[in-house]
Amino acid sequence: MQRYFVTPEQLQDNRVVLTGDDAHHVVRVMRMEAGDSIIVSDGQSRVAEAVIRVLSPGNVEAEVSEWLQDSSEPLWSITVAQSLPKGDKMEIVIQKGTEIGAVSFVPFESQRMIVQYDGKKEAKRLERWGKIAKEAAEQAHRSRIPAIEAVASWKELIALIKTYDLALFCYEKEGGCLGLRDAISAQRARQGWGSEERSILLIVGPEGGFTEREAGEAEEAGAVVVGLGKRILRTETAAMVGLACLMYESGEMGGV
């Protein structure tokens, strides 16, 4: 069943109103008719199945037929901090990361990133990224749309580390480093982690990787430096692998 995100104001008194692109999608793309059902979420706490009553190209009205249990969000709230990659790779990270279960994304600047960051284009880029996250969340039947934060400086990223229960800094160095799974096991033993909600920051470098100085600063700030296996991964692949591993370790895929 097709899912749409609405604002709390659009979901009032058992009545749902879709406008703009969502209404166009219902009428022109999905070719739905009165009597068809959709799922709507306000992106906060309410999810409902609703029956379409009125349709027009710019406006769709539906009536809530059943309030649904919100069960599609992961136990661990994982934020992907991704150093800005070139081309459309950030879009891939956001799209696939949303499908896997990330709750937010923090693009940031680092020393070896290839792309030239242009702050003048940030608003348009954030709008584009937000649309990608919304569409991916609808496709994956998420109950919320991940937040896309403004591009952070390196110092701002370092300051974020202490605000999470655990920050994992993905870094490959000569001689290897602690594996991600070992890091989670150590955290469980040290902090007594059980089956409760946790906030985790997954930090991934650019195409050129992190410098030793950056790794040292992240570790000093409280991040755990981890590796993602013996193979060298592309930056967009590393984000997905790390995120999927964390979902497994949280029990999302039967790992606990």
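At what angle do α2 and α7 pack, and how far apart are their axes? Before selecting anything, note that this is a predicted model, in which local features need pLDDT of at least 70 and side-chain atom pairs count only at pLDDT 80 or more, while totals for chains, interfaces and linings use all residues. Residues are numbered from 1 along each chain as its sequence is written, and side-chain values use heavy atoms, with hydrogens and water left out.

**First stop: α2 and α7**

Select helix α2 (residues 89-100) together with helix α7 (residues 235-249); helices here are DSSP runs of H or I with at least four residues, numbered from the N terminus. The two pack at an angle of about 15 degrees with their axes 9 Å apart, where axes are lines fitted to C-alpha atoms over the stretch in contact and angles run from 0 to 180 degrees between N-to-C directions. That makes α2 roughly parallel to α7, since angles under 35 degrees count as roughly parallel, over 145 as roughly antiparallel, 65 to 115 as roughly perpendicular and the rest as oblique. Now show the side chains of Lys89, Val93, Lys96, Gly97 and Ile100 of α2 and of Thr235, Glu236, Ala239, Met240, Leu243, Ala244 and Met247 of α7, which make the contact (heavy atoms within 4.5 Å). By class, this contact has 7 nonpolar, 2 polar and 3 charged residues, with Ala, Val, Leu, Ile, Met, Phe, Trp, Tyr, Cys and Pro counted as nonpolar, Asp, Glu, Lys and Arg as charged, and the others, Gly among them, as polar.

**Second stop: α2 and α3**

On the α2 side, select Met90, Glu91, Ile94, Gln95, Thr98 and Glu99, which meet Arg128, Trp129, Ile132, Ala133, Ala136, Ala137 and Gln139 in α3. The residues of this contact divide into 7 nonpolar, 3 polar and 3 charged.

**Last stop: two pockets**

To find the centre of the largest pocket, select Glu172, Pro206, Gly209, Ile232 and Leu233, which lie nearest to that centre among its 21 lining residues. A pocket is an open set of points on a 1 Å grid over the protein atoms alone where a 1.4 Å probe fits, with protein on both sides within 12 Å along at least five of seven lines, and lining residues have an atom within 4 Å of a point. The lining of the largest pocket has 10 nonpolar, 5 polar and 6 charged residues.

For the second largest pocket, select Gln2, Tyr4, Asp21, Asp22, His24, His25, Val29, Lys131, Lys134, Glu135 and Glu138. The elements that give two or more residues to this lining are α1 (20-29) and α3, and α1 gives the most, with 5 residues. By class, the lining of the second largest pocket divides into 2 nonpolar, 3 polar and 6 charged.
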